[in-house]
Amino acid sequence: MVFRKPPDGGWGWVIVVVSFFTQFLCYGSPLAVGVLYLEWLDAFGEGKGKTAWVGSLANGIGLLASPVCSICVSSFGARPVAIFSGFMVAGGLMMSSFAPNIYFLYVSYGIVVGLGCGLLYTATVTITCHYFDKRRGLALGLISTGSSVGLFIYAALQRELIDLYGLDGCLLIVGALSLNILACGSLMRPLEASDSPPPEKTCLDKVPDQYFVYHEKEKTVEENISILEKGYIDEKCANNMPDYKQDSILNKNVLSSINVNEKDTYKKKVVEQTNFCKQLAKRKWQLYVNYWEETVVLFKNKVFSALFVAILLFDIGGFPPSLLMEDVARSTNINEDDYHMPLISIIGIMTTVGKLTLGILADFKWVNTLYLYVTTLLMTGVALFAIPFAKSYLALAMLSGILGFLTGNWSIFPYVTTKTVGIEKLTHAYGILMFFAGLGNSLGPPIVGWFYDWTQEYDTAFYFSGFCVLLGGFLLLLAALPCWNACTSQSSKMPPNTYSYKVASSA
């Protein structure tokens, strides 16, 4: 499917609004899971590392499945994927209210909700990138603030709902609110196709259409044989491929030897379906081979290779504060009278500010988005090193705000990916990077929780987290310094591959 030029406006602003509310509704509870984390610790009596798996899975499983999510969005389109995922998120939250143990939550909250969030995130980012080009940084920044606003509001909302209706009632109400994702997804109209004629199909692309011709109730046996033979002739003329030529000669001989009688109908049907399955299998196998070849080409770009290491280490070290900061405050024995606002809410509101600010900066031509992203990584590492020295609510609140602002670099990450590999490979490359981001999200909080279980304090855990983020930032900086402009210019000029996944044009 060939899309027309991004309009940078028009219906694109509707896409931005519904994508904002989609991320608000789906990520509000998983990002504010720190409030639920304290309740689960008291309810099930498990260790901090074991309980932290629930929140880490909810935020990491969708990213781990990003390659699959990308294929789903490319194959079916953003709108049907968003509607289906809305049911997953709402259903998973409601199921979690009936959890008898922590293992049930791993599936209901961690896997079901997490996978639904991953599908929704990929759908909103992909369709926004199709609608915007010059204002892509601003658009991505706006939609990504939805999850941050959700974190800010849901942190206070879930605490209030727990006080009023208990943990089970809170999850039921939050799940019901998530059903509004269905309305948002229905407005994600795909970008219209351009008026230019689509590229001519290759012989391999035509194969399934040629073979899938048998309709027992609509065509006679003679008509099916005629259509099948015509398909072989067209295939032979279109491309000189030895395998197809041999298959054509063989099948003509087989078909010519079959008498057109009612008793031979079944044999002819077997011949047609066998050839159809054979050629379809060949096409699918070639598609998988080409997909892995394209993946290898991506990793030959050293900036892209450093980017996947950086995002992995960043999420191992940078994600735990948003989940565990409330427990850090409780472990520090902070007086509840000084507790003016949940630390998670501070992280959420400052993440919103960071996403908007960084997204706007990314649109300026004089700003190198990769260097901007590296700067946020290095500053995040320093802030994580400072957490063990914060012994008051004010100090933890300030660090929460700084970390929240820097976590807003998620808004420019798709922008950096696009500049690194080109818009044609965005879906493929972004899916790979999000897989490693999900791996970091899944491992980070349990690792910090295990450090606490072993040492009975968080200091060592956050030293480890800060080291991971700083290491990723320095590696990315070293890879980007000599060849950032060269890599991006070469990537943007690379033509799209004929085997790239095609985005559905309609629901």
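The sulfur of Cys 69 lies 6.4 Å from the closest cysteine sulfur, that of Cys 72, and this distance is too far for a bond; a disulfide is defined as a pair of cysteine sulfur atoms within 2.5 Å. The model is a predicted one, in which local features need pLDDT of at least 70 and side-chain atom pairs count only at pLDDT 80 or more, while totals for chains, interfaces and linings use all residues. Residues are numbered from 1 along each chain as its sequence is written, and side-chain values use heavy atoms, with hydrogens and water left out.

The structure holds 0 disulfides. Cys 184 is likewise in no disulfide, the nearest cysteine sulfur being that of Cys 26 at 9.9 Å. Cys 69 counts as buried because its relative accessibility is 1%, where buried means under 20% relative accessible area, exposed over 50%, and partly exposed in between (1.4 Å probe, protein chains only). Cys 184 also counts as buried, with a relative accessibility of 12%.

Across the protein, 54% of the 507 residues count as buried. The accessible surface comes to about 22200 Å², and carbon and sulfur atoms contribute 65% of that area; accessible areas come from the Shrake-Rupley method with a 1.4 Å probe, and for residues only the protein chains shown count as cover. The protein contains 21 helices and 0 strands. Helices (H or I, at least four residues) and strands (E, at least two) are DSSP runs, numbered from the N terminus. Among contacts with a separation of 6 or more, 84% join residues 24 or more positions apart, a contact being heavy atoms within 4.5 Å.

Two helices were compared with their expected span, which is 1.5 Å times one less than the number of residues. Gly 45 follows α2 and has a positive phi, near 65 degrees. Helix α5 (residues 78–96), with 19 residues, should span 27 Å, and the distance of 27 Å between its end C-alpha atoms agrees. Among the buried residues of α5 are Ala 78, Val 81, Met 88, Val 89 and Leu 93, together with Gly 86 and Gly 92.

In soluble globular proteins, nonpolar side chains tend to be buried together. A nonpolar core is a set of buried Ala, Val, Leu, Ile, Met, Phe, Trp, Tyr and Cys residues joined through side-chain atoms within 4.5 Å. The largest such core has 127 residues, of which Leu 36, Tyr 109, Tyr 373, Met 434 and Leu 476 touch the most other members. Helix α6 (residues 102–131) supplies the largest share of this core, 14 residues. At least three residues of the core come from each of domain 1 (1–195) and domain 2 (301–487), with the bounds taken from an automatic or database domain assignment. Apart from neighbours within four places in sequence, Met 434 is in contact with Leu 63, Leu 64, Ser 66, Tyr 121, Trp 410 and Phe 413.

Individual positions were then examined. Ser 19 is placed in helix α1 (residues 11–31) and is buried, with a relative accessible area of 0%. When residues up to four places away in sequence are not counted, Ser 19 touches Thr 124, Ile 127, Thr 128, Ile 143 and Met 188. Val 149 lies in helix α7 (residues 136–178) and counts as buried at 19% relative accessibility. Leaving aside neighbours within four places in sequence, Val 149 is in contact with Phe 20, Phe 24 and Thr 352. Val 149 and Val 353 are 204 residues apart in sequence, yet their C-alpha atoms are 9.7 Å apart in space.

Two loop residues complete the description. Ile 412 is found between α17 (393–407) and α18 (413–421) and has a relative accessible area of 0%, so this residue is buried. Its contacts, not counting residues up to four places away in sequence, are with Leu 358, Gly 359, Ala 362, Thr 369, Leu 372 and Tyr 373. The C-alpha atoms of Ile 412 and Leu 356 are 9.6 Å apart, with 56 residues of separation in sequence. Gln 456 occupies the loop between α19 (426–455) and α20 (459–480) and counts as exposed because its relative accessibility is 53%. Most residues other than glycine have a negative phi. Gln 456, a residue other than glycine, has a positive phi, near 60 degrees.
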